[in-house]
Protein chains: 4
Amino acid sequence: MPSPPRKLAIATGGGDCPGLNAVIRAVVLRAHAAGIEVLGVEDGLNGLLEGTGATVRALTPIEVAPILGRGGTVLGTTNRCSPFAWRDGKAPPRDRGDELLARAQALGIDVLINVGGDGSQAISLELARRGMTVIGVPKTIDNDLDATVETFGFGTAVQVVTDALDRLRTTAESHDRTMILEVMGRHAGWIALHSGIAGGADVILIPELPYSPVHVARDLMRTLGAGRHFALVVVAEGCACVGGEVSHKAVASGGIGPSSILGGAGQRVAEEIAAVVPELELRVTALGHIQRGGTPTAYDRLLASRLGVEAVEAALRGERSVLVSSQPPDIKTVPLELAVKKMRAVDPRGQLVAHARGLGISFGDA
Amino acid sequence: MPSPPRKLAIATGGGDCPGLNAVIRAVVLRAHAAGIEVLGVEDGLNGLLEGTGATVRALTPIEVAPILGRGGTVLGTTNRCSPFAWRDGKAPPRDRGDELLARAQALGIDVLINVGGDGSQAISLELARRGMTVIGVPKTIDNDLDATVETFGFGTAVQVVTDALDRLRTTAESHDRTMILEVMGRHAGWIALHSGIAGGADVILIPELPYSPVHVARDLMRTLGAGRHFALVVVAEGCACVGGEVSHKAVASGGIGPSSILGGAGQRVAEEIAAVVPELELRVTALGHIQRGGTPTAYDRLLASRLGVEAVEAALRGERSVLVSSQPPDIKTVPLELAVKKMRAVDPRGQLVAHARGLGISFGDA
Amino acid sequence: MPSPPRKLAIATGGGDCPGLNAVIRAVVLRAHAAGIEVLGVEDGLNGLLEGTGATVRALTPIEVAPILGRGGTVLGTTNRCSPFAWRDGKAPPRDRGDELLARAQALGIDVLINVGGDGSQAISLELARRGMTVIGVPKTIDNDLDATVETFGFGTAVQVVTDALDRLRTTAESHDRTMILEVMGRHAGWIALHSGIAGGADVILIPELPYSPVHVARDLMRTLGAGRHFALVVVAEGCACVGGEVSHKAVASGGIGPSSILGGAGQRVAEEIAAVVPELELRVTALGHIQRGGTPTAYDRLLASRLGVEAVEAALRGERSVLVSSQPPDIKTVPLELAVKKMRAVDPRGQLVAHARGLGISFGDA
Amino acid sequence: MPSPPRKLAIATGGGDCPGLNAVIRAVVLRAHAAGIEVLGVEDGLNGLLEGTGATVRALTPIEVAPILGRGGTVLGTTNRCSPFAWRDGKAPPRDRGDELLARAQALGIDVLINVGGDGSQAISLELARRGMTVIGVPKTIDNDLDATVETFGFGTAVQVVTDALDRLRTTAESHDRTMILEVMGRHAGWIALHSGIAGGADVILIPELPYSPVHVARDLMRTLGAGRHFALVVVAEGCACVGGEVSHKAVASGGIGPSSILGGAGQRVAEEIAAVVPELELRVTALGHIQRGGTPTAYDRLLASRLGVEAVEAALRGERSVLVSSQPPDIKTVPLELAVKKMRAVDPRGQLVAHARGLGISFGDA
């Protein structure tokens, strides 16, 4: 039995994701019950590099109690930097990893709980290699991490998109229109697929299943011929034509930029369909950032809280260099390496896609 | 006392608007209680011109009972046509007004209840001039009709935008960003103004108050300097630069088209600000059609229901060529002419704008 | 022109009401822009009587910026005490009004902004009579104050009840049941009436319209005979039988107590109906406290913000002993006396009730 | 390979549960794509016993398309009867099972898809034993069926309760109160446990963990002493004192009756706590039926849709006497016997309860 840690630090990195505050709260509550102090690090790990009182501060149970249902992160987050020099030579210009470890040691930090996506966990891994005890908490709103069955924030995004589809449906129906909704998903179509099924979409276009505009148009006409006079199309921002380019013009990681508004996937798909069936009344909406902020669903609050508690439990058990991972009905830990190894994509031949097809949903793929 | 009508027809025209079904339901319930039959006319007044069983059908209380909270309109709606030849020479090629009146007479319709915006009410007025008894129900999601203090659907749109601002806020806060949200409002800034105040915006740009990008940038920097590190900007699609063009590139009437996504007001404002302060992290979202569909708020359901009942009451009182109008706490009737006369714009020197300024909100105007 | 105040205090009294924080925020933002300091007083005026640093504290714009959409009040609230000895001899035992004034003077408070219902405004009035400059902000979730056309929080309560009716409806429909929903409203039926219309109720029972159980049962059977197989009944907690007692057993002011669960109006009405038509499948739900907490609607946030700004404007204009009052489309001020004079009840012969009847809603009154 | 079925029937039994319509829709869409006709049976299996055109009717894709997001069931549901004579001798007086089979045969029904809880699946099983091909779809809002990892409707109930906790919290906080919320869960505490964690409860009382009022009071006082001045308590209706009786007075299965309002578990717990610490300000709310109706969450819509599709897939594969079962990430089939064998209770020593304790939540058990 290792001696228990006396001081944890927690940081949140990458894009906003509903449930981040629930993780922070859970870590603080669980740690304090075990007599462990928690330092909150501002702005990803930047706050630790700066190392001032303003950027690393003690978090108390009273302070975090009310943040369970709040969107965002009280610690701030960033995807602009890494303490290591590996990232495309841009920023930062030099390796500050050892500096970071020294700061952590100076502050008496025994364990770092690092909440973030594959980018953040690559940093966790490198810090662990240099000797730090790091426990990762997976975070990806796209739900595309292979090391965990599910991630918090994803369910909230799916709910927001489904609510939007409910609203679009009534307008589509009243006006005999085809509504195209562009949603998040550069590399994986989980949000489009889940919300498309939940929202009653007729067509869903995802990166994993390249589509043909001709097939999309044909399936839309088939829908519109079968007694229906309107249709809903959900388009993941990273969907791609058969044999064509991925629609997504490589955007620096870290969020939906203005460029996704100008000529995003939704707009492009609209133009492609219009080229085949010009008579269709098409309208495009791109939900953008409202998919990744705001209060988390009950499901995401529970999941995030459990991940946070289990991260501290892992620290108490003396684990190091692990990722907490949802393996329903339990939360387990897996080697941190898994977090950066493999993306979880939608299986085009899997049951979920088959079920969608069973509901009459077209992927425009054949 | 006039002899009461025996048969009403009801039609809904123009863009989708939460509450349309509540009006239809109220008309049917009130009319049936008075022993009056109600015909529902499909697709604006087109259904009457077609005049088939499929496009004009009896509506029963049992059928309309469950539609109170449903978005859209069970009658369908359109803004593509007028029975008269006045509209820009395009469609329809000939005046079919008398044909429409003949159809109505053949069907035994005593009163037409026409739910729609200024375009629809202009048709109501012309039909009334040719002898039909028409009662208008005002509909404009932008709340910009001078003949009524408020219109249904508007409150729902404001709520949807405010919910979106709540979600954007947490991401803005976590990432130290300035979020720009483009909302409906080509000619009037009511939605932007109400939701901007309710959602805690820092800057609101509306058509009635031409802005200067330099002032917007200055006020943003002031906000960001005063202890805040993020900002929210709400932009009405019709907002305009001082001395500049209205941002809105004339789009065919009838809704937010794909073009509003490509280079809409939000995107343009982002570029204008970026030209002044390139260091700001700006992100743009355009809510588009999710603002005008879906289930209405309780407020809009009540308002729409009351307008529908009062339209039938007016018919029972023998009124003709009137518009039902919300004059809180009552619903009254005003001459139909008023519906097409004057738009209600935000008063730049009015108390609502003053209150917004009192909350520290900038209009970028000075 | 009076010299402007240099220091305001703000207190919130009485029951929770969505929008309280929006008022506080607006007061602080507007005051600071005018160079006026704002002190927040904890727990109604108790905090001022205590007068410690913990119970009276400066409020800053940065601190209040995020509370716009949060339910509750950051100042705490109470309905357990008055500084004066008038209240039923119970508490407090002695008049502490002059003590309160002395404290306020010692703290340099020029103006007190007192947010609360008729009880709180009676205190405001007495303080004003003893020389304090007091500006009242009306607060009653029941919307039953004659001095203002509408109050914040009410719309949120109506939305919560309407959402509940939407949920109850599907169960009623699936099970052929009659669902009874008990809502707030001891003396006025506004919440029951607005939400009942918005939620499609078949029967609404309010204090202003004494009902007969026989008539309620008859109207339910009529509804159930006319092709419908379920029904919704909304019951204000203060509704009363014709010739009978008010259902509400006098509960100490300040909220729905356990007693409202045990044998509240909903349960009693269910038993009364069951006595007439035992074969009806009746189910009762009492919404209780979820009606008066939580995030305010966009409408209530706007209204509350405007009232808060206008309270400071009134102070700047040198007004004293006034109540800010919503007189759409403006916020005005009226003498504080009006706040305690007259309750605004539903007019049984007014248009709103007539409209409800026009929708086929029964009040069980004839 | 068996010859595929030509005609399916679908029935929904037991209490209302968000997602029932999504199952019906999915069955109809999938079956029609395979050329199979679907008959909808009204009111559980009663409609089949009646066997009139009004109670058994063909369901078409056009008809079911819009019901995905609607609460309730378009088929009606009941828990008042079984075709067999086994149930407590009350109703029905005689075994009508063979009659039901004869009716089904006469109507050409090849497969019955029976959506319901353990009661309904016991009927499924008996029908299967008598030779009918039956495929069960599990339904229990309490999520307490061992044969499936999760059931639709449960997540919606958890969200509704969590939303209620969010509202109660602000009032508790403003008034320094302890709020008690009674939720569904006669035999299993899943709803209380999930929503209690998601809503930030301080105490959760569930049937699986008998509590002591003294411990509840002690833990509440500990919470209130640790810098907090309010508390939230979630109480499952079936929670029980250590050594005491289950609070739930045996109510006939099938819903929360008026009796749960009068002296339900919430009220009893309030009285028990008050007996120990009379100075606490306690308030009780019983959510009742709003937990089990209304529009399903996105999650439940997806789950219900997948179960419906897979039920038809099972029929196409020639399976009989099976239950579709969620085994994330897939939907599988298990023997129908499993549906009636074992309830799934919360494991008092399981990880979920441990995580709740890790968050500082008390179960009042020690």
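**Figure 1. A salt bridge in chain B joins B:Glu42 and B:Arg57.** In this predicted model, the closest N and O atoms of B:Glu42 and B:Arg57 are 2.9 Å apart. A salt bridge here is a side-chain nitrogen of Lys or Arg within 4 Å of a carboxyl oxygen of Asp or Glu. The pair links distant parts of the chain, 15 residues apart: B:Glu42 sits in the loop between strand E2 (37–41) and helix H2 (46–50) of chain B, and B:Arg57 in strand E3 (residues 56–58) of chain B. Helices (H or I, at least four residues) and strands (E, at least two) are DSSP runs, numbered from the N terminus. B:Glu42 counts as buried at 16% relative accessibility, whereas B:Arg57 is partly exposed at 25%. Buried means under 20% relative accessible area, exposed over 50%, and partly exposed in between, with a 1.4 Å probe and protein chains only. Over all chains, the count comes to 74 salt bridges.

Residues are numbered from 1 along each chain as its sequence is written, and chains are lettered from A and ligands numbered from 1 in the order in which they are written. Because the model is predicted, local features need pLDDT of at least 70 and side-chain atom pairs count only at pLDDT 80 or more, while totals for chains, interfaces and linings use all residues; side-chain values use heavy atoms, with hydrogens and water left out.

**Figure 2. D:Asp95 and D:Arg130 meet in a salt bridge in chain D.** The N to O distance between the two side chains is 2.8 Å. D:Asp95 lies in the loop between helix H3 (61–64) and helix H4 (97–106) of chain D, and D:Arg130 in the loop between helix H5 (118–129) and strand E5 (134–138) of chain D, so the pair ties together parts that are 35 residues apart in sequence. D:Asp95 is partly exposed, at 37% relative accessibility. D:Arg130 is also partly exposed, at 27%.

**Figure 3. A salt bridge joins D:Arg218 and D:Asp219, and a network of salt bridges is found in chain A.** The side chains of D:Arg218 and D:Asp219 meet at 3.0 Å, N to O. D:Arg218 counts as partly exposed, at 32% relative accessibility, whereas D:Asp219 is buried, with a relative accessible area of 10%. In chain A, salt bridges that share partners join A:Asp95, A:Asp98, A:Glu126, A:Arg129 and A:Arg130 into one network.

**Figure 4. Helix H7 of chain C (residues 190–198) is largely enclosed by the rest of the structure.**

**Figure 5. A:Trp190 lies in helix H7 (residues 190–198) of chain A.** A:Trp190 is buried, with a relative accessible area of 9%. Contact means heavy atoms within 4.5 Å. Not counting residues up to four places away in sequence, A:Trp190 touches A:Asp142, A:Asn143, A:Asp144, A:Phe154, A:Arg344, A:Ala345, A:Val346 and A:Leu352. A:Phe154 is 36 residues from A:Trp190 in sequence and 8.7 Å from it in space, C-alpha to C-alpha. The backbone oxygen of A:Arg344 lies 3.0 Å from a polar atom of the A:Trp190 side chain.

**Figure 6. UniProt places a "binding site" feature (unreviewed entry) at A:Asp118.** The residues that UniProt lists for this feature are A:Gly15, A:Arg80, A:Cys81, A:Gly117, A:Asp118, A:Gly119 and A:Ser120. UniProt positions are given in the numbering used here, feature names are shortened, and annotations may be inferred rather than shown by experiment. A:Asp118 is in helix H5 (residues 118–129) of chain A. Not counting residues up to four places away in sequence, A:Asp118 touches A:Ala339 and A:Val340. A:Gly119 also lies in helix H5 of chain A and counts as partly exposed, at 23% relative accessibility.

Figure 7. A search of the whole structure finds zero disulfides over all chains, a disulfide being a pair of cysteine sulfur atoms within 2.5 Å.

Key. A polar contact is a pair of N or O atoms within 3.5 Å; within protein, one must be able to donate a hydrogen and the other to accept it, and residues adjacent in sequence count only if both atoms are side-chain atoms.
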